[in-house]
Amino acid sequence: MYFMPLGNREGYDKTVEFKPGDLPVLHSDVNFFLCVGVALIIREKGVFCMKKLKRLGAILVATGLMASMACTSAWAYEPDGYVTVSVEKFSLGQGYIFEPETVPFYEYDNGIDIVKRAVGEENVLVTESSFGNYIGGFVDQGGEVILPDCLSAVVDVASLTGRAEENQLCEFDYTSESGFIFFVNDLSSSVSISEYSPADGDVISLRYSIYGYGADVGCDNSSWGGSPSLTGNVNRNEATRLIAEAKGIDIPDEKAVITDLDSSQEEIDFACESIRNKLTPEEEIPEEDDIPADTGLAVCMVSPAVFGICAILAKKRR
């Protein structure tokens with residue numbers, strides 16, 4: 001088939017053989033309508049004069065580029081799902097470093113990528129090691145250390161060494177056992193954060209521990225001779241999700257309960273119910289099926305326009 005080379009400006013009466021595969025790569029729907037439109041105005045065995053179609057060529061190129069840009073923004077960055085991320089220092093009695101945030105994830109993302117997206121890359125301190133990269137600390141302003149009762153029973157606050165760097169909270173601050181423990185859906189992860197593959201709906205928590213390599217934030221290490229969990233079987237997964245959902249709503253009392261390591265499951269459940277009661281329909285995060293699908297809008301609007309332009313010009317040539 002013969003097509004006009006729209007970018008050629010040397011001699012408008014010249015015709016050139018152009019294969020369909022040589023056309024600019026746009027979305028398949030856009031290419032289809034472009035080809036149909038061009039076919040409507042082909043005359044004399046598929047060869048036509050570019051001089052008479054200069055204006056049409058400009059219209060097609062401009063319209064095609066707009067469609068291509070719209071399609072790229074709609075399809076190229078479609079997330080694989082959403083996860084909720086929180087960074088916590090409950091063991092110090094200081095609440096969150098970064099409150100729960102729901103963010104998208106994409107193909108090939110690992111846990112470090114997702115945490116950086118949630119809190120800002122500049123706030124994440126990544127440590128490289130032979131066992132894989134991990135998050136060694138975060139930018140944090142600090143505050144007074146108020147140990148929860150479950151910790152003060154086994155740790156003397158006077159023995160805490162403080163922070164090595166001002167405005168940072170890192171591994172080995174306060175005690176030799178401290179660091180951030182990586183949790184997924186309220187369970188200590190069996191893989192490192194750099195090897196973690198996210199699933200839609202996951203809740204990721206980075207919990208700062210100062211005792212028993214995570215025993216103060218929910219890890220039970222008794223199976224290998226370590227410390228059992230100091231906090232019992234308390235699940236904060238739903239609470240983390242709800243705080244992210246209730247962003248912008250005043251819930252200080254509920255947060256105080258959820259961030260207190262001494263809180264029971266009943267107290268946390270009651271706080272969650274209180275947050276649900278404060279959520280209004282306008283503030284609820286819509287389900288994925290309720291979000292208007294705008295990915296096909298560009299093609300639906302642009303492609304018929306291209307088709308119509310070509311049809312009108314073809315009719316005028318008769």
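In helix α5 (residues 237-245), the buried residues are Asn-237, Ala-239, Thr-240, Leu-242, Ile-243 and Ala-244. The model is predicted. The elements covering these buried residues of α5 include the strands β1 (81-88), β2 (96-105) and β8 (203-209), together with the helices α6 (252-258) and α7 (265-278).

**Sheet architecture**

- Five strands form an open sheet in the order β2-β1-β8-β6-β7, and the pairing is mixed.
- Strands β2 and β7 (187-188) stand at the edges with a single partner strand each, so one side of each lacks a neighbour in the sheet.
- Strand β6 (residues 179-184) runs antiparallel to β7, and two bridges join them; Val-184 has Leu-187 in β7 as its bridge partner.

**Helices on the sheet**

- Helix α3 (residues 111-119) packs on the sheet, where it touches β1, β2 and β8. The direction of α3 makes about 115° with that of β2.
- Helix α5 lies across β1, β2 and β8 and runs at about 80° to β2.

**Strand β1 and its partners**

- Seven of the eight residues of β1 are buried, so this strand is largely enclosed by the rest of the structure.
- Strand β1 is joined to β2 by seven bridges, and the two run antiparallel; Thr-84 stands opposite Thr-102 in β2.
- Strand β1 is joined to β8 by five bridges, and these two run parallel; the bridge partner of Ser-86 is Ser-205 in β8.

**Aromatic contacts**

- Five aromatic pairs are found in a search of the whole structure. Phe-90 and Tyr-96 form an edge-to-face pair, because their ring centres are 5.2 Å apart and their planes stand at 75°.
- Both partners are buried: Phe-90 has a relative accessibility of 5%, and Tyr-96 has a relative accessible area of 12%.
- Phe-182 and Tyr-196 also form an edge-to-face aromatic pair, with 5.5 Å from centre to centre and 75° between the planes. This pair links distant parts of the chain, 14 residues apart: Phe-182 lies in strand β6, and Tyr-196 lies in the loop between β7 and β8.
- Phe-182 is buried at a relative accessible area of 9%, and Tyr-196 counts as buried at 5% relative accessibility.
- One aromatic cluster is formed by Phe-98, Phe-138, Phe-180 and Tyr-208.

**Charge over a ring**

- The charged end of Arg-207 sits over the ring of Phe-183, at 4.0 Å from the ring centre.

Key
Residues numbered from 1 in each chain as written. Predicted model: local features only at pLDDT ≥ 70, side-chain atom pairs only at ≥ 80, totals over all residues. Heavy atoms only, no water. Buried < 20%, exposed > 50% of the residue type's maximum accessible area, 1.4 Å probe, protein only. Helix = DSSP H or I, 4+ residues; strand = E, 2+ residues; numbered from the N terminus. Contact = heavy atoms within 4.5 Å. Pairing = 2+ DSSP bridges. Axes fitted to C-alpha atoms, helices over the stretch in contact; angles between N-to-C directions. Phe/Tyr/Trp six-rings, centres within 6.5 Å; stacked < 30°, edge-to-face > 60°. Lys NZ or Arg CZ within 6 Å of the ring centre and 35° of its normal.
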